[in-house]
Number of protein chains: 2
Amino acid sequence: MTLVRTTARERMVLARDASRQIGLLGDDKKASLLRAIADAIEADAAAIVAANADDLARGERDGLAPGLLDRLRLDEARVGALAGAVRDAAALPDPVGRVLDERVIAGGVTLTKVSVPLGVVGSIYEARPNVTVDIAALALRSGNAVVLRGGTAAAASNAELVRVMREALAAEGVDPEAIQTLDDEGRDGARELMHARGLIDVLVPRGSAQLIETVVTESTVPVIETGAGVVHIFLDETARADWAADIAVNAKAQRPSVCNSVETILVHRDAAERLIPDVAAALAAAGVTIHGDETVGALAPGVVPATEADWATEYLTLDVAMKVVDDLDDALAHIRTYSTHHTESILTADEANAERFLAEVDSAVVMVNASTRFTDGGEFGFGAEVGISTQKLHARGPMGLPELTSTKWLARGAGQVRA
Amino acid sequence: MTLVRTTARERMVLARDASRQIGLLGDDKKASLLRAIADAIEADAAAIVAANADDLARGERDGLAPGLLDRLRLDEARVGALAGAVRDAAALPDPVGRVLDERVIAGGVTLTKVSVPLGVVGSIYEARPNVTVDIAALALRSGNAVVLRGGTAAAASNAELVRVMREALAAEGVDPEAIQTLDDEGRDGARELMHARGLIDVLVPRGSAQLIETVVTESTVPVIETGAGVVHIFLDETARADWAADIAVNAKAQRPSVCNSVETILVHRDAAERLIPDVAAALAAAGVTIHGDETVGALAPGVVPATEADWATEYLTLDVAMKVVDDLDDALAHIRTYSTHHTESILTADEANAERFLAEVDSAVVMVNASTRFTDGGEFGFGAEVGISTQKLHARGPMGLPELTSTKWLARGAGQVRA
């Protein structure tokens, strides 16, 4: 018996061909498709959990870190949550077909700019099977086909989830080739995906800073960079002490492993004595270790001396860097040097300083007197989040479904020619 | 004497630093800056023309083709036109500071999405000195610094234009480092520009398909592809004969060297006898050579037999390919195979076919009963054109000043933390 196996490129061609059908589906059909996928995931929960158990067993044999094993794990409850997220995406408004501009030009030609699907969305990510379902659901909801390349440690889980989703598409009369996985193609699959200009319209890497850097550097397909967050809070001279402590603890300790958690707290020199002892105590009570400069060390107990490397570190743990700066200009200069352009917040009672900070900090989200943890598609009211873009083209900050669309100009004339 | 010469990288750092000042300039200041540049260009017209004469003399010695020499040439009138284009850009509305979204989230944090400059715009282009001024003016008008790498055949002209523009900035109290040229760095300059992630925010190549392909493939900086136009017109079964002849001639012969000129005309088989003789005669009268299939050859005199290569060719000359197709589906399939996703137009009296064409053709601009020559920033009412994007991310179709901006979310709170 000959086993016919499609190559990565063949699968991407199938996805591109299928994208034409997906792109023309109406709102209701796309929503019902997602509900069918959610139902199928719930119905096949046992098989999904069983496939995931294979991944977990292999991960344990291979000595995967406990944190990674936890991210990999799917139980019945987590499978239910996955299905719930797909139903949430089904309920979102259709991002396709919005009229974005209308004008009448020379001789009465009418121009209409409408939102259209991108076509085929590619994603390269790590061993988190929930991303497989998330990205597929958001891509389909916005009329796109999807080509997935997840971490090999989750290959069995992903294969099962893709099988379930593809069967749901077929049962709904939609071309199942709209969902493809290249997991079994190893590194070659990722490489082909990154070089598939003309087949893949956008590539969204999700995962570590290193993975994103590799994709951004190597890819010839346009990439949306969902980057690392070396996030800053600046406690200005006039920052309120109670807000400083509350926001520092919320921004650092609520969920340290995510990109919107604060990594460096800058403190105005003239407020250092007033603010640092209380803020440090509140952080310590939340289990946070402070890596501080000498002034910080003199004002709070248990401070680990900071080195240059700390200012550039995205800890993603219960650690935070703390540094005293001379003034707002000094804070802005520090942020310019070390920020990854994700989110920065100033705490101040000085309106002029607040406005300068908003205008001069070059980040996707710039805040005054608020926790950096608000940088999130859910918190922004988008209903779903494709990722948080730290680049400036196409999308910046939390991305919802509209960021998975492009535009097209429709021109309707009656024989007009250009003069 | 030691000559201190800045490297390409040093110049890009200077541009990035200067971009902070440019990005904070108000509408009036940016407009007056551009008017000062226009005045300076006119005042220094003689020096500019003299520098250009050096380029022309070298070009003639090197055997540059007459068309390229013409694109390179600047006389007093063309210098005046350059200054006029800069004044036109000065008069455009400021694309920065537009409020694009507003919302109030958890606990009363207000979110405002505003347009902001991209930062530093890079451009790689050929030996056309007008592009040097065009791109610099549009970048500055939208609050960006600019790093230019023009064709070496125009190096003397570009150097003079850049000198004049930089002196105008300095005279207006603005950091002249906001305009940089890497012309004297040869190929290395272009390579460094394409790899200057973190210094250059977007790269806009302008020129031949080969130049654009090189930039798209090699660049690690985000690129806006301003691509080639293998543009199609489909004469449907019910196309009006008079419109067919008028639009074919306008789309091909008015200015064959530009990307929105038609390259392939597809004709519905059941309309071939009715339409082809007259359309071919009108094209012949305009000096156009038709490269056609057998049916076309049988219906019109002087048709050159078309080969497979013709369907993929962007002639940019008084040549056009013509092919008979079975029906709308066949036309759509041909366009899918050969289109460069720039502009396609259907001529039809059938509304259902018109709507199918608009929905299914995957191009930046899709037209019904109109000349493809309308795909142009000026015709669209943008007042200026940065280029015509054939990619799907960030900008698609004719790009105006707003396409040289990014966005930023401003969040204003009163101590809120995430629940």
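Predicted model: local features only at pLDDT ≥ 70, side-chain atom pairs only at ≥ 80, totals over all residues.
Q: Which residues does the domain assignment of chain A give to domain 1 and to domain 2?

A: The assignment places 13–225 + 399–411 of chain A in domain 1 and 231–374 of chain A in domain 2.

Q: How are two packed helices described?

A: A case from chain A is helix 5 (residues 76–90) with helix 6 (residues 129–141), whose axes come within 10 Å and cross at roughly 15°. Angles under 35 degrees count as roughly parallel, and helix 5 of chain A and helix 6 of chain A are therefore roughly parallel to each other. Their crossing is right-handed.

Q: Which residues make the contact of helix 5 of chain A with helix 6 of chain A?

A: Helix 5 of chain A contributes Leu82(A), Ala85(A), Val86(A), Ala89(A) and Ala90(A), while helix 6 of chain A contributes Asn130(A), Val133(A), Asp134(A), Ala137(A), Leu138(A) and Arg141(A). Divided by class, the residues of this contact are eight nonpolar, one polar and two charged.

Q: At what angle do the axes of helix 5 of chain B and helix 6 of chain B cross?

A: In chain B, the axes of helix 5 (residues 76–90) and helix 6 (residues 129–141) cross at roughly 15° and come within 10 Å. These two helices of chain B are therefore roughly parallel to each other, and the crossing is right-handed. On the side of helix 5 of chain B, the residues are Leu82(B), Ala85(B), Val86(B), Ala89(B) and Ala90(B); they meet Asn130(B), Val133(B), Asp134(B), Ala137(B), Leu138(B) and Arg141(B) of helix 6 of chain B. The contact of helix 5 of chain B with helix 6 of chain B has eight nonpolar, one polar and two charged residues.

Q: At what angle does helix 2 of chain B pack with helix 6 of chain B, and how far apart are their axes?

A: Helix 2 (residues 27–43) of chain B packs with helix 6 of chain B at about 160°, and the axes are 9 Å apart. That angle makes helix 2 of chain B roughly antiparallel to helix 6 of chain B. The crossing of the two is right-handed. Asp27(B), Lys30(B), Ala31(B), Leu34(B), Ile37(B) and Ile41(B) of helix 2 of chain B make the contact with Val133(B), Ala137(B), Leu140(B) and Arg141(B) of helix 6 of chain B. By class, the contact of helix 2 of chain B with helix 6 of chain B has seven nonpolar, no polar and three charged residues.

Q: In what order do the strands of the open sheet of four strands in chain B stand?

A: The order in chain B is 5-4-3-6, and the pairing is parallel. Strand 5 (179–181) and strand 6 (202–206) of chain B are the edges, each with a single partner strand, so one side of each has no neighbour in the sheet. On average, neighbouring strands of this sheet are turned by 20° against each other, direction ignored. Within the sheet, strand 3 (residues 120–125) and strand 4 (residues 145–149) of chain B pair in the parallel sense over five bridges. Gly122(B) is opposite Val147(B) in strand 4 of chain B.

Q: Which strands does helix 6 of chain B lie across?

A: Helix 6 of chain B lies across strand 3, strand 4, strand 5 and strand 6 of chain B, and runs at about 160° to strand 4 of chain B.

Q: What is the strand order of the open sheet of 10 strands?

A: The order is 10(A)-9(A)-11(A)-8(A)-7(A)-12(A)-13(A)-16(B)-2(B)-1(B), with mixed pairing. Strand 10 (304–305) of chain A and strand 1 (99–105) of chain B stand at the edges, each with a single partner strand, so one side of each is left without a neighbour in the sheet. Strand 7 (residues 231–235) and strand 12 (residues 343–347) of chain A run parallel and are joined by four bridges. Leu235(A) stands opposite Leu347(A) in strand 12 of chain A.

Q: Where is His394(A) placed?

A: His394(A) is in the loop between strand 14 (387–389) and strand 15 (397–399) of chain A. Its phi is positive, about 70°, although His394(A) is not a glycine.

Technical notes: Residues numbered from 1 in each chain as written. Chains lettered and ligands numbered in written order. Heavy atoms only, no water. Axes fitted to C-alpha atoms, helices over the stretch in contact; angles between N-to-C directions. Parallel < 35°, antiparallel > 145°, perpendicular 65-115°, else oblique. Left-handed = near helix turned anticlockwise from the far one by under 90°. Contact = heavy atoms within 4.5 Å. Nonpolar A, V, L, I, M, F, W, Y, C, P; charged D, E, K, R; others polar. Domains from an automatic or database assignment. Pairing = 2+ DSSP bridges.
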